[in-house]
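Hi everyone, thanks for making the time. I have one structure to walk you through, so let me put it up on the screen.

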Amino acid sequence: MRIDIITLFPEMFEPIISESIIGRAQKSGAIEIACHQLRYFAFDKHKRVDDTPYGGGMGMLMKAEPIALCFEDICRQTKVKPHFIYMSPQGKTLTQQRLKELAEIDNICILCGHYEGVDQRLLDAFVDEEISIGDYVLTGGELPAMVLTDALARMVPGVLTNNECFTEESHFNGLLEYPQYTKPSSWRGMDVPEVLLSGHHANIAKWRKEKSIENTLKKRPEMLKKYKDQQE
């Protein structure tokens, strides 16, 4: 998978994409992430990418042409049209199900908004979907883009050591994850459940499924209802 990110602040991404699991995945070739400075595609001497909105109002709006030029340059580099995502509080809330679907796409481009947003004509002409990470507003799209990039990258084959690293996690199958424990088996008077020490894989799997349901009922009952509805 290749992920291209259009941003005014590419330096914000460096600590995220060059370290830890994602950094190692890039070095191994499992994933490629490229950040593009939008100001390089501005065509006035001040490299302005924003202007006042028609009709008045507070703030500035990102201009269509620099974004279009940047995206078209990315298309020339990749020789395909990437799936173009705009990180926006008006978008559909990101879910694990949508991540599973997006992980099947080889080329994705993410636009980080700023100021009061983006000229609607650019969104209409180029953007495939708008995605939000929650019902709140941030100062820019960089943090949401990092969240999407991290969540996507870890689902690409070869990034994690085993697919079970994410298929057993919360949300992947519609339930929250079961409780987990590590050594020592007894800590401050609290013991690890005996079944996890038994070595009986079928019993452990049964216990984990039961605890996933209990955990989801306790913390996210609406999620459990949706899960049960999907099983019928």
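This is a predicted model: local features need pLDDT of at least 70, side-chain atom pairs count only at pLDDT 80 or more; totals for chains, interfaces and linings use all residues.

I'll start with the overall picture, then go to a surface patch, and finish with the salt bridges.

What is it built from? The protein has nine helices and nine strands. Its C-alpha trace spans about 70 × 40 × 40 Å along the principal axes. There are 232 residues here, and 41% of them count as buried. If you take contacts between residues at least 6 apart in sequence, 72% of those join residues at least 24 apart.

Now the outside. The protein exposes about 14000 Å², and carbon and sulfur atoms supply 52% of that. As for charge, we have 28 positive and 34 negative ones, and their mean positions are 3 Å apart.

Which residues form a nonpolar patch on the surface? Here they are: F9, M12, Y136, L138 and L143, with about 440 Å² of accessible area together. Let me point at Y136, which sits in the loop between β7 (129–132) and α6 (142–153). Y136 is partly exposed, at a relative accessible area of 44%.

On to the salt bridges. How many does the structure hold? The count is 12, and I've picked a few to show you.

Let's begin with K81 and D128, whose closest N and O atoms are 3.1 Å apart. K81 is in the loop between α3 (64–78) and β5 (83–93), while D128 is in the loop between α5 (120–126) and β7, so this pair ties together parts that are 47 residues apart in sequence. D128 itself is partly exposed, with 41% relative accessible area.

Next, R121 pairs with D119, and here the closest N and O atoms are 2.7 Å apart. Are these two partners buried or exposed? R121 counts as exposed, at 58% relative accessibility, whereas D119 counts as buried, at 14%.

K211 and E214 meet through their side chains in a salt bridge, 3.2 Å from N to O. Both belong to α8 (residues 201–219), and being three residues apart there, they are separated by about one helical turn. K211 counts as partly exposed at 26% relative accessibility, and E214 counts as partly exposed at 45%.

Definitions and conventions
Residues are numbered from 1 along each chain as its sequence is written. Side-chain values use heavy atoms; hydrogens and water are left out. Helices (H or I, at least four residues) and strands (E, at least two) are DSSP runs, numbered from the N terminus. Buried means under 20% relative accessible area, exposed over 50%, partly exposed in between (1.4 Å probe, protein chains only). Contact means heavy atoms within 4.5 Å. Accessible areas come from the Shrake-Rupley method with a 1.4 Å probe; for residues, only the protein chains shown count as cover. Lys and Arg count as positive and Asp and Glu as negative; His and the chain ends are not counted. The place of a charge is taken as NZ of Lys, CZ of Arg, CG of Asp or CD of Glu. Patches are made of residues with over 30% relative accessible area and no salt bridge: like charges are joined within 9 Å, nonpolar side chains (Val, Leu, Ile, Met, Phe, Trp, Tyr) within 5 Å. A salt bridge is a side-chain nitrogen of Lys or Arg within 4 Å of a carboxyl oxygen of Asp or Glu.
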